[in-house]
Amino acid sequence: LLVRLDHSSQGQRQPQGRSQEQARASDVARYHGKTFTVVNVVDGDTIDVDAPDGEYEHTRIRLWGVDTPETKNPKVGVMYFGPQAAEFTKEVALGQEVRVYLDEGNRTRCYYGRVLGYVQLPDNRFLNEVLLADGFAYADVRFRHSLYNKYKQLESAARGQKKGLWAEVRR
């Protein structure tokens, strides 16, 4: 249920007095195509960048379209390959200047208020895609986004090549 609420537009929190359209327009103006420094890696699919966000010192970015195994969820504990995914994200993103892109025509925040984004690394690769291609993440097929089909293909290729978390999967 919490995962469903995480991506549910009905549960999306909005600042008081602002419509979803106003909040989205504000997020697009503030984040879309802008460069930030990654100051913290929460887990494999969530990072913090050096921009204040409301009452918070940093903006929390949840990577659109990917889901890495949990490392900090007390209800499920540390999942298989979660620490490796978090460490990989830390290695490639922490301290780096990244460019954030929002999904045009889609919502900009999840239920928990995190910005939903595609994160471009300094070498022009997208962190979302690298996590999938290298087997550190699953394609999040529960929620439609612009790269939905591409992300399913990236996961499928990683599975077929037995990369990362797929290395031990038996058919």
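Modeller: Start with strand β6, residues 115–120. Keep in mind that this model is predicted.

Biologist: How many residues of strand β6 are buried?

Modeller: Buried means under 20% relative accessible area. Six of the six residues of β6 are buried, so the strand is largely enclosed by the rest of the structure.

Biologist: Which residues point which way from β6?

Modeller: V115, G117 and V119 point one way. L116, Y118 and Q120 point the other way. All of them are buried.

Biologist: Which strands are joined to β6, and in what sense?

Modeller: Take the bridges strand by strand. Strand β3 (residues 59–63) runs parallel to β6, joined by three bridges. Strand β5 (residues 97–101) pairs with β6 in the antiparallel sense, also over three bridges.

Biologist: Now the angles. Which residue has a positive phi of about 80°?

Modeller: N124, although it is not a glycine. N124 sits in the loop between β6 and α4 (127–133).

Biologist: Is N124 buried or exposed?

Modeller: Exposed means over 50%. N124 has a relative accessible area of 55%, so it counts as exposed.

Biologist: And what is the phi of K162?

Modeller: Positive, about 55°, and K162 is not a glycine either. K162 lies in the segment after α5 (148–160). Its relative accessibility is 40%, so K162 is partly exposed.

Methods. Residues numbered from 1 in each chain as written. Predicted model: local features only at pLDDT ≥ 70, side-chain atom pairs only at ≥ 80, totals over all residues. Heavy atoms only, no water. Buried < 20%, exposed > 50% of the residue type's maximum accessible area, 1.4 Å probe, protein only. Helix = DSSP H or I, 4+ residues; strand = E, 2+ residues; numbered from the N terminus. Pairing = 2+ DSSP bridges.
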